[in-house]
Amino acid sequence: HTGYTAYYSKQLHYSLKVEWWDTKARLECPGSRVERKDKFAPDPLLPAETDLMEDYVGSGTDRGHMCPAADNQCSPVLQEECFYFSNMAPQYHSLNAGDWKRLEVRTRELALQYDSVMVWCGSVGAAKKIGTTSVPVQCWKVIFIKKTKTFEAYIFNNTPDKPVGLDKWKVKPADV
């Protein structure tokens, strides 16, 4: 897609990995911000495999963005694409509105401060099924800050309870 690349599992019905660059230009868009519409839709590149709206209804999980809507407000195309189900994973609200959201904000702050941040994120495992979609056991994110050549890695348990903390690893170039 224009704003991200997704590596989608047709068996699990979520992306194993989604990657994109967050930059100042992608985030600032003065005067041309697109309104968020929350128009979740099947991915036109995988229409049958990502027609998942019914799976989420009454499931107790959120449609958790991998590449967040707030990173895609400078273009109608970016905003539309980020609501494809190929960019979603079932996340319990405690994660989606908690640590996951805080990390999305941190990633944008780093991109605004240092200009270019590469982001990889995804999900792992199958705790249960909601319809045809697997609920991942864990969600993860890796951030590379280009200017400082620093990586940050995070992994979260995807549970209905408030997560007990955040596992984080930082790696500087000398450590690689």
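**Pockets, strands, cysteines and rings in a predicted model**

The largest pocket holds about 310 Å³ of space. The structure is a predicted model. The lining of this pocket comprises 17 residues, and those closest to its centre are Arg 36, His 65, Asn 96, Lys 101 and Glu 104. Three elements, β3, α4 (93-96) and α5 (99-114), each give two or more residues to the lining. Sorted by class, the lining residues of the largest pocket are 7 charged, 6 nonpolar and 4 polar.

The second largest pocket has about 220 Å³ of space. Its lining includes Val 34, Glu 35, Lys 37, Asp 38, Lys 39 and Ala 41, together with Pro 76, Gln 79, Glu 80, Phe 83 and Tyr 84. Here the classes come to 5 nonpolar, 5 charged and 1 polar residue.

Next come the strands. Strand β1 (residues 5-9) pairs with strand β2 (residues 14-23) in the antiparallel sense, over 5 bridges. Within that pairing, Ala 6 stands opposite Val 18 in β2. The hairpin of β1 and β2 has 4 residues between the strands, and His 13 takes a positive phi near 65° there. Strand β2 is also joined to strand β5 (residues 116-124), by 6 bridges, and these two run antiparallel. Trp 20 stands opposite Val 119 in β5.

The cysteines can be sorted by the distances between their sulfur atoms. With a cut-off of 2.5 Å between sulfurs, the count is 1 disulfide. That disulfide is formed by Cys 29 and Cys 74, whose sulfur atoms are 2.2 Å apart. The link of Cys 29 and Cys 74 is left-handed, with -85° about the S-S bond.

Cys 82 is buried, with a relative accessible area of 0%. Cys 139 is likewise in no disulfide, and the nearest cysteine sulfur, that of Cys 121, is 8.5 Å away. Cys 139 is buried, with a relative accessible area of 0%.

The aromatic rings remain. A pair of such rings is described by the distance of the centres and the angle of the planes. Over the whole structure, 7 aromatic pairs are found. In one of them, the rings of Phe 144 and Phe 151 have centres 4.7 Å apart and planes at 40°, so this pair is tilted. Phe 144 counts as buried because its relative accessibility is 17%, and the cut-off for buried is under 20%. Phe 151, at 30% relative accessibility, counts as partly exposed.

Tyr 154 and Phe 156 also form an aromatic pair, with 6.4 Å centre to centre and 0° between the planes, and this pair is stacked. Tyr 154 counts as buried at 3% relative accessibility, and Phe 156 counts as buried at 1%. Elsewhere, ring pairs link Phe 40, Tyr 56, Phe 83 and Phe 85 into a cluster. Of these, Phe 83 is also among the residues that line the second largest pocket.

Notes: Residues are numbered from 1 along each chain as its sequence is written. This is a predicted model: local features need pLDDT of at least 70, side-chain atom pairs count only at pLDDT 80 or more; totals for chains, interfaces and linings use all residues. Side-chain values use heavy atoms; hydrogens and water are left out. Buried means under 20% relative accessible area, exposed over 50%, partly exposed in between (1.4 Å probe, protein chains only). On a 1 Å grid over the protein atoms alone, a cavity is a set of points where a 1.4 Å probe fits but cannot get out, and a pocket is an open set with protein on both sides within 12 Å along at least five of seven lines; lining residues have an atom within 4 Å of a point. Grid points are joined across faces, edges and corners, and a volume is the space filled by probe spheres set on the points. Ala, Val, Leu, Ile, Met, Phe, Trp, Tyr, Cys and Pro count as nonpolar, Asp, Glu, Lys and Arg as charged, and the others, Gly among them, as polar. Two strands pair if DSSP finds at least two bridges between them. Rings of Phe, Tyr and Trp (its six-membered ring) pair if their centres lie within 6.5 Å; planes under 30 degrees apart count as stacked, over 60 as edge-to-face and the rest as tilted.
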